[in-house]
Amino acid sequence: MEEILLNIETKEIRCAHLKNGTLHDLTVERKRERQMTGNIYKGKVTNILHNIQSAFIDISEGENGFIHISDIIENTKKFEEMFDMDFDLDYDISSVDTKQTQNLKIDQVLKNDQSVIVQVVKEPIGTKGARLTSKISLPGRYLVLLPNSPHRGVSRKIEDRGARDRLKRIIRSFDMPQNMGLICRTASQSATTDMLIIEAHDLLKTWMTIMENFNKTTKAHLLYEESDIIKRAVMTCVDKKFDRLLVDDYNVFGHCKRLYTPYALEHPLRIEYYRDKMPMFERFSVEKEIERSLRHKIWLTSGGYLYFDQTEAMHTIDVNSGRSKNFDREDVEETLVRINLEAAEEISRQLRIRNVGGLIICDFIDMRSRKNQRRVLEHLKDCMKEDSAKCTILGMSEFGLVEMTRQRSRGTLSQTIFTNCPYCHGTGLIKTHESISIEIERELKKVINCGQQFALKLVAHPQLMHYLDEGDKEFLITVAESLNARLEFETQDELHVNEYRFVSSINQKLIEV
């Protein structure tokens, strides 16, 4: 059984995809950080970077968006990756792409203060603005309209040759401007010719409205907003033939019913309103899974565990045998393989739930047999096929390392929920009391010798002062007396455990050197 749970709060909407009762995927969207991918804007060029052939564009969304020359000129490969297409063209567009890429410069296409129409292809993350493209795409239920690209293609996921040929004939026969293209999505396989014609006309009308608004406005402005998380949840249920959509807000429940009505004949989806007093995510153990996915350490049923960590450049996942160390020597290799196979499944699930993107390194437990290494690698690839984000997985090295990349669409779950600790600055570590005691000795000598302060008071957190009581206090008094100074002590709860201050005992002013 596959179902989607929609949890509606005042400032947040959470969409959980459950597969046989287990959390399979999770999307968290805050209202103040709505998803921008797919939105179309009128933008203003603010800065051109000649050295990297790029430009910054103001789209009225805080941080300026970023566009590269490759996002401006024709690039079939990007469309193929974005829509998983197999284009049916009468010429070799790749040769045109290469020629244009080599010869065209950014300042030949864009000028400062120029008005441009752009679309967001990657969400802003942290201090980085949104990634933009000038190659617009308008997705519908069955078709994708490409207003300034001549491609006409069919999704590779439609494997039936007869269906592919039928769809190609239909989109070739459409009376459209030569510079516009159409892509048949996977759902178009079951659509009639009339349904495709109606949607093509609707998409063309939407594009005409976008262009009218573009010409009317003079400032950077949102021209078209991609469907919200609620509509995407309903369409996902219809497309993937899910069994149920459960909503815990009555108004959103009614909205979902209305969104579903045009597609009721395609799939008998149960849309239900959750009425129990217990919170829905607690009832279905989703809350526990979210808390689990925020931890570094994830235990496996086999007794092994995964350890997730993040650096500036990549995410790392370490697979360990953990509690699974008491096994027969004859079956060591097979036991390690079983742990690695289970780890591969959990890794793919955690990457979806955590929404980890970018470069990922998986360190599996070492296996001697190349056959077993291939088993684990192929199992990982099979598990990652269920991921809607684009993934590229390389081979396994002799050390059991697997390099992979996952499409980064929005911030990770931890970036949405957490912020860096102002005390440890995101390291998760603070200095030991001994380290602070050594710093205090060093600072004390500096204050007396350089600051010429001979009546001092050390103010520190009670925990640090308790540590100093065990012997370091007398030592610090002796150091001060050897330099002809007098040292007193005082505790202050408001200070951080690593923080301390030197205050003048005479006028109670803070001493800074």
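**Phe-174 and the cores**

Q: Which residues does Phe-174 touch, not counting residues up to four places away in sequence?
A: Phe-174 touches Leu-143, Arg-152, Leu-182, Leu-196, Ile-197 and Ala-200. This is a predicted model.

Q: What makes a set of residues a nonpolar core, and which members of the largest one touch the most others?
A: The residues must be buried, be of the nonpolar kinds such as Leu or Phe, and be joined through side-chain atoms within 4.5 Å. The largest core here has 29 residues. Leu-143, Leu-145 and Phe-174 touch the most other members.

Q: Which elements each supply at least two residues of this core?
A: They are strand 11 (143-146), helix 4 (161-173), strand 13 (181-184), helix 5 (193-216) and strand 14 (221-224). Helix 5 gives the most, with 7 residues.

Q: Which residues make the contact, and how many of them are charged?
A: Helix 9 brings Glu-289, Arg-292 and Ser-293. Helix 10 brings Glu-346, Arg-349, Gln-350, Ile-353 and Arg-354. By class, there are 5 charged, 2 polar and 1 nonpolar residues.

**Salt bridges**

Q: How do you know that Arg-292 forms a salt bridge with Glu-346?
A: Their closest N and O atoms are 3.1 Å apart. The rule asks for a distance within 4 Å. The pair meets the rule, so it is a salt bridge. Arg-292 lies in helix 9 and Glu-346 in helix 10, so the pair ties together parts that are 54 residues apart in sequence.

Q: What makes the pair of Arg-292 and Glu-289 a salt bridge?
A: Here the closest N and O atoms are 3.6 Å apart. The limit is 4 Å, so this pair counts too. Both residues lie in helix 9, 3 residues apart, about one turn of the helix.

Q: Are Arg-292, Glu-289 and Glu-346 buried or exposed?
A: Buried means under 20% relative accessible area. Arg-292 has 18%, Glu-289 has 19% and Glu-346 has 12%. Each value is under the limit, so each residue is called buried.

Q: Why is Lys-19 called partly exposed?
A: Its relative accessible area is 30%. Buried is under 20% and exposed is over 50%, so Lys-19 falls in between. Glu-386, at 42%, is partly exposed as well.

**A positive phi**

Q: What is stated about phi of Gln-53, and where does the residue sit?
A: Phi of Gln-53 is near 55°, a positive value in a residue other than glycine. Most residues other than glycine have a negative phi. Gln-53 sits in the loop between strand 4 (40-49) and strand 5 (54-58).

Note on methods:
Residues numbered from 1 in each chain as written. Predicted model: local features only at pLDDT ≥ 70, side-chain atom pairs only at ≥ 80, totals over all residues. Heavy atoms only, no water. Contact = heavy atoms within 4.5 Å. Helix = DSSP H or I, 4+ residues; strand = E, 2+ residues; numbered from the N terminus. Nonpolar A, V, L, I, M, F, W, Y, C, P; charged D, E, K, R; others polar. Buried < 20%, exposed > 50% of the residue type's maximum accessible area, 1.4 Å probe, protein only. Salt bridge = Lys/Arg side-chain N within 4 Å of Asp/Glu carboxyl O.
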